[in-house]
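Work through the exercises below with the sequence and the model at hand. Each task is followed by a solution in steps.

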Amino acid sequence: MEYQRERCRRLVLVPLPFQGHITPMLQLGTILHSKGFHITIAHTQFNFPDPLNYPDFDFLPMSDGICERNVSSHNFIALISGFNTNCKGHLQESLARIMEKEDQDNKIACIIYDEYMHFAEEVATHLGIPSIILSTSSAAKMQSYLAIPRLQKDGYIPFQDSMMLELVPGLQPLRFKDLCLQISKNLDDLLQMIAKALDPRSSSAIIWNTTDCLEQSTLAKIQQEYQLPLFPIGPLHKTVAATSISLFKEDQSCISWLDKQSHNSVIYVSLGSIAFMDNKDLLEMAWGLANSEQPFLWVVRMDSTPLPQGFQEAVGGRGCIVKWAPQKQVLAHNSVGGFWSHCGWNSTIESISEGVPLICQPYFGDQRVNARYLSQVWEVGLAWENDMKRGAIEEAIRMLMVGNEGKLARQKAKDLKQKIELSIDHGGSSYNSLNDLVDLILSF
Ligand code: UDP
């Protein structure tokens, strides 16, 4: 209520249109709306959220010129480059028209943009509007990006195969294999994309979906690089009332299935929206789950290869398989005792916020950094670095859920959940940071 008199200020939010990026941006929009701001979501035609789910927001479509409809780790860089090239003119014209109206309701206080949608900063500068960056991944990932020029200078990049398991100087506990620069055909494009994402240009601050109790020391190191206020206000999904932000239809039937399972007994398996198990690995996973004798909830996406014949009959009611789960609800359910995850940042922070320990099977990008922190720093995860073989999968699941080897992770996950709850509570670090962010926006 204290911000009531400022209710007329409008914020324009520009998400990167992938599930793991749209989610935190819309959560941020919901939080800032509750603080009295009008919210406009400037979105691409590619992968946009259903406006009907957000009656409080305005939506501003931008033509993106993108023909490709699928996202994969292979076309990620090209898609991002396309958005930055194609959306700028459209956003600039649309905002200029809004600003012409000049009434209090349409006064744009600030543009908040995903770190990869940097064209929005150019638009903001052109129109004389302040801008703020939203970083949707961990501070640890940003720190690893910031080290790239030094690693290049010292001749480490491009990596040699033999170095992959060595610790990266100055970035412990990360190894070279944990950086997102695995030997890659388009390394130059990747480095260019990272350099652009790292450059704050004229932006006034960086918002993070993380919290001090997870990443305070990393954020302090990042602060030495940027002369900007950093606002770690996460986990966003714990501050905001649950609205579904899924681009896919959530199958709620798994919740009634979870209701019938015993406390902490279920292993939840999901690789997020992009990572993909090939046919062979999927087969091993299926039989590993079947043989583990633990109840399991498995997200096998629509774009996945089919499950092996006879598998569903073999597991009967002990397994629940859905194409897309209401993940936050799943992780908060008291039947769920473990998460086999690809370690995308949203999945990571959603899991530890609910005290659910993980088996960390990262695929690409920042997932390896998150996985390493989960297992080595926060100690809430068991690293999965083996070939996918059913016997080892079965063993890892048992270790995490009931074995002695998983005891520490189970306990640490509970401890971290409590710390996170304190950080978003009245007077906690994320709570205070959010108020500071609102004050900054009001000062524009
Ligand atoms: N998610 C979901 N249902 C699923 C799988 C994933 O709601 O069946 C959500 C999950 O809660 C998270 C997001 O999709 O918020 C995935 O983001 P993340 O950063 O973990 O991974 P990405 O999809 O970007 O690789």
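**Exercise 1.** Locate N264 in this predicted model and decide whether N264 is buried, partly exposed or exposed.

*Solution.* Step 1: N264 sits in the loop that links α10 (253–259) to β8 (266–270). Step 2: count the C-beta neighbours of N264 inside 10 Å, which gives 15. Step 3: a residue is buried at 20 or more and exposed at 12 or fewer, so N264, with its 15, counts as partly exposed. Step 4: check the backbone; N264 has a positive phi of about 60° and is not a glycine.

**Exercise 2.** Repeat the analysis for N47: in which loop is N47 found, and is N47 buried or exposed?

*Solution.* Step 1: the loop is the one between β2 (38–44) and β3 (57–62). Step 2: N47 has 20 C-beta neighbours inside 10 Å and therefore counts as buried. Step 3: phi of N47 is positive, about 55°, although N47 is not a glycine. Most residues other than glycine have a negative phi.

**Exercise 3.** Describe how the two domains are arranged and which elements of domain 1 touch domain 2.

*Solution.* Step 1: domain 1 covers 2–244 + 424–443, and domain 2 covers 253–421. Step 2: their centres, taken over C-alpha atoms, are 27 Å apart. Step 3: 31 residues from domain 1 and 25 residues from domain 2 take part in the contact. Step 4: on the domain 1 side, α1, α5 (139–146), α8 (212–225) and α9 each give two or more residues; α1 has the largest share, four residues. Step 5: this side is made up of twelve nonpolar, 14 polar and five charged residues.

**Exercise 4.** Where does the ligand shell lie relative to the domains, and why?

*Solution.* Step 1: of the 20 residues around the ligand, G20, G272, Q327, G344 and S347 come nearest. Step 2: α1 (19–34), α13 (327–332) and α14 (345–353) each supply at least two shell residues, and α14 gives the largest share, four. Step 3: by class the shell has seven nonpolar, eleven polar and two charged residues. Step 4: both domain 1 and domain 2 give residues to the shell, so it lies between them.

Conventions. Residues are numbered from 1 along each chain as its sequence is written. This is a predicted model: local features need pLDDT of at least 70, side-chain atom pairs count only at pLDDT 80 or more; totals for chains, interfaces and linings use all residues. A residue is near a molecule or strand if its C-beta atom, placed from the backbone, lies within 6 Å of it. Ala, Val, Leu, Ile, Met, Phe, Trp, Tyr, Cys and Pro count as nonpolar, Asp, Glu, Lys and Arg as charged, and the others, Gly among them, as polar. Domain bounds come from an automatic or database domain assignment. Two residues are in contact if their C-beta atoms, placed from the backbone, lie within 7 Å.
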